[in-house]
Amino acid sequence: MNNAAYIIGALRTPVAPARGDYAALNATTLGQLTIEGLLKKLDLPAEFVEHCVFSNALYAGGNPTRLSALAAQIPEVVPSMTIDTQCCGGLDSLIVASSLIRSGDHDFILAGGMESFSTAPRRLSKSADGKPDVEYKRPPFSPWPDKDPDMLDAAAELAKELSITRIDQELYARKSHAKALAASNILAEECLEISSLKRDSFTRNLNRRVQAKLPVLAGDEKFGITASTTAVEADAAAACAIVSDKFLAAHPNFRSTAIQILGGFSVGSDPAMPGLAPVSAVKKALNELSLNIVQIDVVEVMEAFASQAFACMKLCDMDASKTNLSGGALARGHPIGASGTINAVRLYHELIARSEFKLGLATIAGAGGLGSALVLAK
């Protein structure tokens, strides 16, 4: 595979907390609107699209990407693929798409993620003995009950193991919101207005005294997790247009907005400690590309939990002044299947906006001990 893959455009919806601004919009509609919005932004007809690869985690089967693509008037002959690696899915969709581009099979792919907590279907386990069906919130992420922790408990255990105090986590969360507030206009430029929402609606001016009064959701008082250090359930969609050298040669007007995907890497790690998976993913990415973390100009780390982001930064020696420059998921929310793509959209726009930035890194953890990392370069 000697071909290169490039992102020439990236767009997302604002992120809205579950049962909020997008309460009446399902995931496929959010995906459809984002596909339409990105093609309009690029001023390209749907006939250019050769494949659609999106992530979704909360659907109940089927292929929601196909529904979004057809609703967006993507030609019927264009295939669509939905992947589910939980939180990693939105980044993994770009990794899959870039591999298809580099293989030479395609020249233009739409890749992204979409999620709706608001309209997610109820899920039931059928009983073999005739008892009533039992509703469940999430499926198992490991075949071993002792290695399938609740995500809150796993985040609290990670905080305790690495001595990341509640105070550390609360400060990190306040900074995330503060950065997002300061970058409000920047963030709006990468967003597609939907339901009169132009910006991420959850972002706020966090108050330290209010944070201190919040009850512990998991763990103990010293290292525990609270609502302010956990990303809220949310609805959103995001998409990137990924193209080949051949496409750029035929359409040189896109070269100025083309950012190369140097590499994308997915790893597995201990399912009992999923928050550590991005560490392995980042180290693999840097090793495979012969890079050092100090060479990376800007980083987007997923903030499903403050302890998780803090741990990734600490163990990968990330420079806080280069990381999540415009805030993170703690300041906007966590639409599971879309979050990885949102991080990639953020990274793309940071690289485009700042001429001094040449290399960018995005990384995310997924339930079951999965981690993904993507490296972009001008």
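At what angle do helix H4 (residues 151-161) and H10 pack, and how far apart are their axes? The legends below take up this question and then turn to other close-up views of the model, which is predicted.

**View 1. The packing of helix H4 against helix H10.** In this predicted model, H4 (residues 151-161) and H10 pack at an angle of about 45°, and their axes are 8 Å apart. That angle makes H4 oblique to H10, and the crossing in which H4 passes H10 is left-handed. On the H4 side the contact is formed by Ala155, Leu158 and Ala159, which meet Ser307, Gln308 and Ala311 on the H10 side. By class, the residues of this contact divide into four nonpolar and two polar, with no charged residue.

**View 2. The surroundings of Gln308.** Gln308 lies in helix H10, which spans residues 306-315. With a relative accessible area of 11%, Gln308 is buried, because residues under 20% are counted in that class. When neighbours within four places in sequence are left aside, Gln308 is in contact with Leu158, Gly275, Met302 and Ala365; of these partners, Leu158 is also one of the H4 residues that meet H10.

View 3. The loop between strand E7 (134-136) and H4 holds Pro149, which counts as buried at 17% relative accessibility. Leaving aside neighbours within four places in sequence, the contacts of Pro149 are with Arg138, Ala154, Pro271 and Ala272. As a further reference for the view, Pro149 and Asn343 are separated by 194 residues in sequence and by 25 Å in space, C-alpha to C-alpha.

**View 4. Thr323 in the loop between H10 and H11.** Thr323 is found in the loop that runs between H10 and H11, where its relative accessible area of 2% makes it buried. Apart from neighbours within four places in sequence, Thr323 is in contact with Lys179, Val299, Val301, Met313 and Met318. Thr323 and Ser355 are 32 residues apart in sequence, and their C-alpha atoms lie 17 Å apart in space.

**View 5. The crossing of helices H1 and H2.** The axes of helix H1 (residues 27-42) and helix H2 (residues 64-71) come within 8 Å and cross at roughly 45°, which makes H1 oblique to H2. The crossing of these two helices is right-handed. From H1, the residues Ala27, Thr28, Gly31, Gln32, Ile35 and Glu36 meet Pro64, Leu67, Ser68, Ala69 and Ala71 of H2. Sorted by class, this contact of H1 with H2 has six nonpolar residues, four polar residues and one charged residue.

**View 6. The nonpolar cores and the contacts of Leu94.** The largest nonpolar core has 48 residues, and those with the most contacts inside it are Ile7, Leu94, Cys240, Ile242, Leu351, Leu374 and Leu376. Helix H11 (residues 336-353) gives the most to this core, contributing eight residues. Leu94 touches Ile7, Ala111, Gly112, Cys240, Ile242, Thr341, Ala344 and Leu374, with residues up to four places away in sequence not counted.

Terms used
Residues are numbered from 1 along each chain as its sequence is written. This is a predicted model: local features need pLDDT of at least 70, side-chain atom pairs count only at pLDDT 80 or more; totals for chains, interfaces and linings use all residues. Side-chain values use heavy atoms; hydrogens and water are left out. Axes are lines fitted to C-alpha atoms, for helices over the stretch in contact, and angles run from 0 to 180 degrees between N-to-C directions. Helices (H or I, at least four residues) and strands (E, at least two) are DSSP runs, numbered from the N terminus. Angles under 35 degrees count as roughly parallel, over 145 as roughly antiparallel, 65 to 115 as roughly perpendicular and the rest as oblique. A crossing is left-handed if the near helix is turned anticlockwise from the far one by less than a right angle, and right-handed if clockwise. Contact means heavy atoms within 4.5 Å. Ala, Val, Leu, Ile, Met, Phe, Trp, Tyr, Cys and Pro count as nonpolar, Asp, Glu, Lys and Arg as charged, and the others, Gly among them, as polar. A nonpolar core is a set of buried Ala, Val, Leu, Ile, Met, Phe, Trp, Tyr and Cys residues joined through side-chain atoms within 4.5 Å. Buried means under 20% relative accessible area, exposed over 50%, partly exposed in between (1.4 Å probe, protein chains only).
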